[in-house]
Amino acid sequence: MSDDNKETAGSAEPREGGTPGRVIGTPSPARDKALLAEEEYPAPAGAGEQLDEASAKRAERIVAAFFLLAFAGSVAFIAYYIGWSGRDGGMHGVTRARESNFWLGGMMALSFLALAAGVTIWVRRLMTSKPIVQERHELAADAETRAAFAADFVQGAEDSGITKRPLLRRTLLLAAAPLGLAPLVLLRDLGPLPEKRLRHTFWGEAVKKAQAEGKKGVRLVVDGTNKPLRVADFSSPGGMITVLPEGLEEDVPEEQALTQTAKAVTILINIPEDEFKPAKGRENWHVNGIVAYSKICTHVGCPAALYEQTTHHILCPCHQSTFDATDAAKVVFGPAARPLPQLPLAVEDGYLVATSDYHEPIGPSFWERG
Amino acid sequence: MSDATAQPPKAVEGALGFIDERLGSTTFFKRNVKKVFPDHWSFMLGEIALYSFIILLLTGTFLTLWFKPSMVEVVYDGSYTKLNGVQMSEAYASTLHITFDVRGGLLMRQIHHWAAILFMASILAHMLRVFFTGAYRKPRELNWLIGIGMFTLGMLEGLFGYSLPDDLLSGTGLRITQGVAESIPLVGTYIYMFLFGGEFPGTEIIPRLYMLHILLIPGLILGMVTAHMMIMWHQKHTAMPTQKQTEEQVYGYPFYPVFMAKTGAYFLFTFGVLALMGAFVQINPIWLFGPYDPGAISAGSQPDWYMGVLEGALRIMPNWEVTAWGHTVSFNVLIPALVPLGILFGGAAAWPFVEAWVTGDRRLHHVNTRPRNAPVRTATGMAAVTFYGLLWLAGANDVIADKFHLSLFATTWFFRVAIFVGTFLAFVITKRICLGLQRKDADTISHGVESGVILMSPDGRYSERHEPARAEESTVILSKENARPEAPSRDANGIPAPDTKGPLGHLRSRLARAWTFDDIPIEPHDGGHGHDEVEAGKEPKQLSH
């Protein structure tokens, strides 16, 4: 840049002495500010040491205004809480919860944000600290210190005798090993062993009880109403409802009810008979196209609760495993690997009954499932 | 300002004296009171995580005062009249009580939930900052590992936390957790039984998750936060390359009073914004979902965002399952549950050490790298971001299909393909962009910056004058470390170099070559060679600018 062509037309002043004058029609140098700004390293946010007293006074007043706003916010928060939120017997229900949420939250936010804004302006416009430089120090210790420590360490080990008394060392290790296992043993009572629990559901128990009374099977009751279901009540094709075995509500201890429901919950679908393809060996498991499948998805156990009438697809809304209801709940799409297990149905006195438990474990796969 | 004889007020002097005489603390205070904190906007991301954590502790403590971690069934009779007479667990009933009967309860619940979401988001953003600028390099690998540990624990903490209210959505999340646990080969059913104290849902899981959520995991995270902060304090901040930020020194404002006030204000901003969201942006309205019923579900069930990646992986996995010799292995559950996060977290944890091994760089680094100057690292990071992001989006494929009127199955197939293709493309494209930026930097140094000044030479040719980049800009650009010439794999006597022997050595030298082979060297300006050329009008193409 030593020889700026001063003689050329339209040229700017030499480089030395500042930014070149702008030539009309050229881009403004301001656009490239990052590259063409003044030489000096731009100071980070924050004022320098010298404050213009007038502007400092102004800044102080602005900061104070924010602090007062924060004060007002906190006071309003407390005032609302004590004075207003408790009216007519306190906060109960949706409307008052919403009101209290808006007031308390709004005042809290106002108070914090105003305080934060005030402090920020204070830092940026009133603090006179200057940026400083600090040296970084070597993190590692010098060789001498390391050597001295190593010597101390070896010396200590020797003094303790652990290096030259192997019997001591080995028995100590032997003593320590089971100590580490002991806490794990303590965790055994966290839960029962799996045993055969995952292989049967409450349908099995209920069917056994019904058959002991000389019946064909256990009645299906509608989830929610607990009413037994007649074939005639579920005769229109395309319907889908959730059913449970009769007696789950009464015969199961209360704390077990959800757990048993989680396994026994079943969907009942009425498929037009001409579209229904009974699986081999299950020809008599349906009642005029009424078929029952486990509602628990064989992927990871969400309820496969969506049923599309036109395609007869059962869809699990969690991960979109899709099963074909007309074809033994075969997997049509998605991550599930196995069909939904099917429950054998029959009719007794006009009511739908299940004649046995599921023939395979319901729900997600597991190692011992086979 | 710094008057050596200045005395603090009596009260402060007294307190300081009291502690000093017992702990000798003044030495520590003196050394740290003016500790320098370099300024860069991206350094605030970690602070958001820290402050969200503090807010989580505060709001969480409030919630424990009323929450009952019990699965005993009760019949609700309370202020939320729509659920009167409904059977539900005490956990759900007490959450309704906090929401509708405790003043500020809903606010605290919502701030707590938003803070959890912000906590995880800011950790992730912070980790990306650290990764892309190379701030994890020696000596800071330990803090990098602690950070990965905190993010992993944060996922569990969040999952357990939003499971506690025992509403329909959270119960569905637990059901999926149970299904995944059950699928683990050999020990899956035992883990399942021991975790739930019997079969799902049982009556044990909520009290157990409560203990983990309010005691064990936050305790661990608190310990890790403390270690993270102490290590950061001891090692000093990294800094982006500037004239005043070097390997030998750090430049910035002192801790007291500037950084202290700024960071205090930042805590208040974080709390203020979260309070604003807690007040005006509804989150997790559990009263609309109803109590958990294992036979019920609603469409569009979504976990909190940080679990979305697992959800997406579960959704797009093909249904592979193997049954042999009387045992079942569910790859359709195991692979999505373990592999994607295994690759991401395992890869992130190993990365600093692998990079040091490949590049042979064992030096300390306090000045960060601009992402463009480490193209392989940046491209790998972007590939990971894409991989994660696509899996995350796949976790909402039903919502995407619904909102954009697409076939649900088509979205699944799209993501099945895109996680491979997209990840690869992200790598290639990012690397190209980095190299392009390197070329631009090289051009800025060797050729100068366009001044916007058009010169006409005596023979009538026009050219634009280029100016050398300003000192600060050149410092930033020249912070790039050019690829060192590759050491010959065999020396003059035909002896192979020590780190190129054996299959591992071969792999290492190949990777080292891949790391730098297309590096664009940037050398300090040597006296305006290119600059003269332009002035002489030898590069008329410059006119087109």
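Start in chain A with an open sheet of 7 strands, ordered 10-5-4-3-2-12-11, with antiparallel pairing. Strands are DSSP runs of E with at least two residues, helices are runs of H or I with at least four, and both are numbered from the N terminus. Two strands pair if DSSP finds at least two bridges between them. Select strand 10 (342-343) and strand 11 (345-348) of chain A: these are the edge strands, each pairing on one side only.

A word on what you have open. This is a predicted model, in which local features need pLDDT of at least 70, side-chain atom pairs count only at pLDDT 80 or more, and totals for chains, interfaces and linings use all residues. Residues are numbered from 1 along each chain as its sequence is written, while chains are lettered from A and ligands numbered from 1 in the order in which they are written.

Select residues 240-245 and 266-270 of chain A. They are strand 3 and strand 4, paired in the antiparallel sense over 4 bridges. Which residue of strand 4 of chain A is the bridge partner of M240(A)? Pick I269(A).

Zoom in on strand 6 and strand 7 (residues 313-315) of chain A: 3 bridges join them. E308(A) stands opposite H313(A) in strand 7 of chain A.

**Domains and a loop**

Colour chain A by domain: domain 1 is 53-125 and domain 2 is 199-369. These bounds come from an automatic or database domain assignment. Their centres, taken over C-alpha atoms, are 57 Å apart.

Next, select A141(A), in the loop between strand 1 (132-135) and helix 4 (143-160) of chain A. Is A141(A) buried or exposed? A141(A) counts as exposed because it has 11 C-beta neighbours inside 10 Å. The cut-offs are 20 or more other C-beta atoms within 10 Å for buried, 12 or fewer for exposed, and partly exposed in between, with C-beta atoms placed from the backbone.

**Transmembrane stretches**

For chain A, UniProt (unreviewed entry) lists "transmembrane region" at residues 62-82 and 102-123. Such annotations may be inferred rather than shown by experiment. Residues 62-82 of chain A are 100% helix, with end C-alpha atoms 30 Å apart. For residues 102-123 of chain A, also 100% helix, the ends are 31 Å apart.

Residues 265-283 of chain B are 84% helix, and residues 333-354 of chain B are 100% helix.

**Where the chains meet**

Show both chains. The contact (C-beta atoms, placed from the backbone, within 7 Å) takes 99 residues from chain A and 107 residues from chain B. Helix 3 of chain A gives the largest share of the chain A side, 18 residues.

How values were computed: Contact = placed C-beta atoms within 7 Å.
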